Every structure is written in C-alpha cells, then in structure tokens.
Amino acid sequence: MSNFVVKKPWTGRIGALLGIMVMALSLRAAVSVVPPLLGELRGELGFDAGTIGLLAMLPPLIFAVFGLLTPLLIRRFGLEKVLVGAVVLAVAGQLVRAASGQVWPFLGWSAVVMAGYGIGNVVLPPLVKKYFPDRVGVVTAGYVTLLAVGTAASPQLAVPVAGLAGWRVSIGLWASVSFLVLLPWAAQALRDRQTRRSAADDAGRPPGAGPAGSVGDAGHGGVPRLVPWRSPVAWGLAIFLAGNSAQTYVYFTWLPPYLAGEGLDPATAGSALAYFAILGLPVSLLVPLWVPRMKNPIIAISIFAVFWTIGHLGLYLSPMHGTWLWVTSAGLGQGTFATALLMVNLRSRTTHGSAVLSGFSQGVGYAGAGIAPLFFGTIHDATGSWTWSFATLGVCLLVMMTGAVMINPKRYIEDSAAAPVPDSLPQRT
C-alpha cells in the first residue's frame, strides 16, 4: 500500500471505515430483534415450540454454511462486490419477512437475512485487513463494539417500537440500518475506481489491473490458493470459536427460562439476558487494543475463561443468590469472542489469507456451536436435572482452550495452507 496510509492514516478510507462500522451495527440486530416479539408472532403467524426451536437454530446453521462459501465468492468477485450482495440479501429478507403472514415464509426469509449477515460476518475482518493494515486493533475495537451495540439495542427497542407501530415495523425497521451500509461503500468504490484508473494510467497498465503494490481484492489473479483444512491455525481458530460461541448461544437461548424456572421473575430474567449482552461492550472495546500487544494471547483468553467458569458455576450452584454477580462474570467472559475476531487478522498476512481464515473458522465454528443449545435443553429434559446440562458448558470451555493453545504461537495461515503448485507438464520431444 502506498505511503499516504502512514502519513495520513484516514485519507481515502473514510467511506470504508463508515461502511465497516454501519455493517457491524446491523449484523446482529436482525437476529436479536425477533425473540422479544415471539409472543405476538405466536398468535399471528402460528409459531409453536418446534418452529421457535428452528428459528433459534437458523443463525448458527446459516452462518456456518455461508462461512464456508463466502471465501469462494470473495475469490471470484472481490470483497466489495460480495459485501454489497450481502447487504442486498439482508435488506430484502428483512422487508419481506416483516410482511409475511405465515410462519414458514417468515422462517424462509429469515434464512435469507441470515445468509446476508453470514456473508457479512466473514467479509468484515478481511476488509479491515485490506483498508486498515496499519490500524487493525483500533478498527477492530470499533466494529466489535458496534456489533455488541446492535446486539443489545435491537431487543431493547423491539417491544416499545412494536407497541407504537406494530411488530412488522419493529422487525423491518432494521433494514434501514442495513441499507445505510450501501452509501459509504458506494462512495468508497467510486474513489477506489478512480485511484486504480489514475495509477494504471501512470504505470501504462490497463485500468482494471490495479496499482503495483496495492492491496487488491482477494478475487483477482495472482493470489495463491489456500486450503484451510491443512492449517493448524485455521483448525485452532475454528475450535476456539466453536467453544466460545457454544457458550454464548446457550446463554442467549436458555438464561431467561433457566432463571425463571429457578424462581426469578420472568421480566427480571429477561433483563438478565439484556445485561449479559450489554457486558459485551466494554470487553469488545478492550480486547483489540490490549491483546495485539501480548506475546502470548492465551494469557488474556485464560482470564476470560476464568470469568466464564465463575459465571457457569455460580448460576448452577446458586442461581437465586448472587445472580447478577454470576451474570456479570459470564458477560465479561465474552471477551473471547472479540479475541476470535481479532485473531483472524493477527494470524494472517494478507487480505486473502484473512478472508479464508475468517470463512473457515466461522463456518466450522458456528456449525459446532449451533448444536450446543439443543444439547443443553434435551439433556435437561432427559435427566430432569441441570447438572449434566451445565457440564456441557464445561466441555465447551475445554474445547475453547484447546483452540486457544493452537492459535497462541505466532504463525500464519499462509505458512501451512498454501496449495502445492503442480509441476509443469513435460514437453513432447
């Protein structure tokens, strides 16, 4: 990248920065806005226990599928075009599902929304790597914080907005935030095109070739193919993300009903979940500014793992005494998620490597995490006790720490995942 990045850190990248931040704000809002409105959706659309369970499984399932597919799309079309496609899917899905009159169309269009945001999950880290290689920590801190803001804000606003304008407006409202993502990226794409054309004219190359030494899209020629299945770094990050996300999904799915079943007022139990989500804000801001300075990130991960452990044990052993202390501890444990997103760029050298590592780790990680809430509930139903359900959270912690050990050494996906270049065919004599 040219020297202006160092001399004038934000010149020419304001559009990209705004686009990344607004995209992060919208990524989880469309997911977390629905659960508070399920009471109304039951009566009007016909949701039952089975379809509610399916709705809960959609995000990790779709995120896993598109986590694995997105690097192929990026390689073919480039980061910016894939991002625009993701936003179009998300906006269309949110608007049409808000107008749905039956449960199955609602679920189908929710899957479209999740597809758009599943692509967005993967695209954000390599976008940071491409446009802000000199500011990875700062920009990651900003977008992970806004990710937490969107996650916490939409369920808080869902019921009040529905009371004023109806649940359809409450659900469809967040499509406007997604649509705003297109504006800064359109401006950035225009500027990038002008920059490439100017550089190509100066160097005597065709306008589409891109300037020499620039950080081009991972979809253009000359990019070596990476096979993440061969990389210990990729597997380690996928395992780490699976263990972390499994705990988070269990809390988002089961914390209110568990606390209510133990005797807590249902409204207070719902507030406990909102509090848990809000606690992601401070750690999301801290991690990208702190962890990159550490020689061994596993130290920070271990501290967050202790917070998770205290939260799990407290909620199991004494759910009605010290409830807020246990929820606080588990909420601070969410720093492991911010660490996972940060490690995508700390364990890759190139934009393409970041895209491949992001897609593989999120694809495999979310696939593993998606079954945790199901096991947590079915084990309780089978045993009549929460003991073995909470034991599964201990297993998730062990899985997470196994991945942490694998990603702790400073090594990169490009070192172990590059596909071998076939020998040239012998010439005929």
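1. Helix α12 (residues 232–261) packs against helix α18 (residues 351–369) at an angle of about 40°, their axes 7 Å apart. That angle makes α12 oblique to α18. Angles under 35 degrees count as roughly parallel, over 145 as roughly antiparallel, 65 to 115 as roughly perpendicular, and the rest as oblique. The axes are lines fitted to C-alpha atoms, for helices over the stretch in contact, and angles run from 0 to 180 degrees between N-to-C directions. The crossing of α12 and α18 is right-handed. A crossing is right-handed if the near helix is turned clockwise from the far one by less than a right angle, and left-handed if anticlockwise.

2. A word on the basis of these values. This is a predicted model, in which local features need pLDDT of at least 70 and side-chain atom pairs count only at pLDDT 80 or more, while totals for chains, interfaces and linings use all residues. Residues are numbered from 1 along each chain as its sequence is written, and side-chain values use heavy atoms, with hydrogens and water left out.

3. Which residues of α12 and α18 meet? On the α12 side they include Val233, Trp235, Leu241 and Tyr249. On the α18 side, Leu357, Phe360, Val364 and Tyr366 are among them. The residues of this contact between α12 and α18 divide into 14 nonpolar, 4 polar and no charged. Here Ala, Val, Leu, Ile, Met, Phe, Trp, Tyr, Cys and Pro count as nonpolar, Asp, Glu, Lys and Arg as charged, and the others, Gly among them, as polar. Contact means heavy atoms within 4.5 Å.

4. Now the chain as a whole. It has 21 helices and 0 strands. Helices (H or I, at least four residues) and strands (E, at least two) are DSSP runs, numbered from the N terminus. Buried residues make up 52% of the 429 residues. Buried means under 20% relative accessible area, exposed over 50%, and partly exposed in between (1.4 Å probe, protein chains only). Among contacts between residues at least 6 apart in sequence, 83% join residues at least 24 apart.

5. The crossing of α2 and α8 is right-handed. From α2, Leu17, Ile20 and Met21 are among the residues that meet α8. The α8 partners include Val139, Tyr143, Leu146 and Gly150. The residues of the contact of α2 with α8 divide into 11 nonpolar, 2 polar and no charged.

6. Ser354 lies in helix α18. Is Ser354 buried or exposed? At 0% relative accessibility, Ser354 counts as buried. Setting aside residues up to four places away in sequence, Ser354 touches Pro125, Pro126, Lys129, Val344, Asn345 and Ser348.

7. Asn345, one of those partners of Ser354, sits in helix α17 (residues 335–346). Asn345 is buried, with a relative accessible area of 4%. Beyond its neighbours within four places in sequence, Asn345 is in contact with Pro125, Val128, Lys129, Val136 and Ser354.

8. Val399 belongs to helix α20 (residues 387–407). At 31% relative accessibility, Val399 counts as partly exposed. Val399 touches Ile239 and Gly243, not counting residues up to four places away in sequence. The C-alpha atoms of Val399 and Ala246 are separated by 9.9 Å, and these residues are 153 apart along the chain.

9. How many salt bridges does the structure hold? It holds 4. A salt bridge is a side-chain nitrogen of Lys or Arg within 4 Å of a carboxyl oxygen of Asp or Glu. One of them joins Arg168 to Glu44, with the closest N and O atoms 3.2 Å apart. This pair links distant parts of the chain: Arg168 is in helix α9 (residues 167–172) and Glu44 in helix α4 (residues 38–45), 124 residues apart. Arg168 is partly exposed at 29% relative accessibility, and Glu44 is partly exposed at 43%.

10. Another salt bridge pairs Glu80 with Lys130, the closest N and O atoms being 2.8 Å apart. This pair also links distant parts of the chain: Glu80 is in helix α6 (residues 79–98) and Lys130 in helix α7 (residues 103–131), 50 residues apart. Glu80 counts as buried at 14% relative accessibility, and Lys130 counts as buried at 7%.

11. The side chains of Asp134 and Arg135 also meet in a salt bridge (3.3 Å, N to O). Asp134 is partly exposed, with a relative accessible area of 28%. Arg135 counts as partly exposed at 27%.
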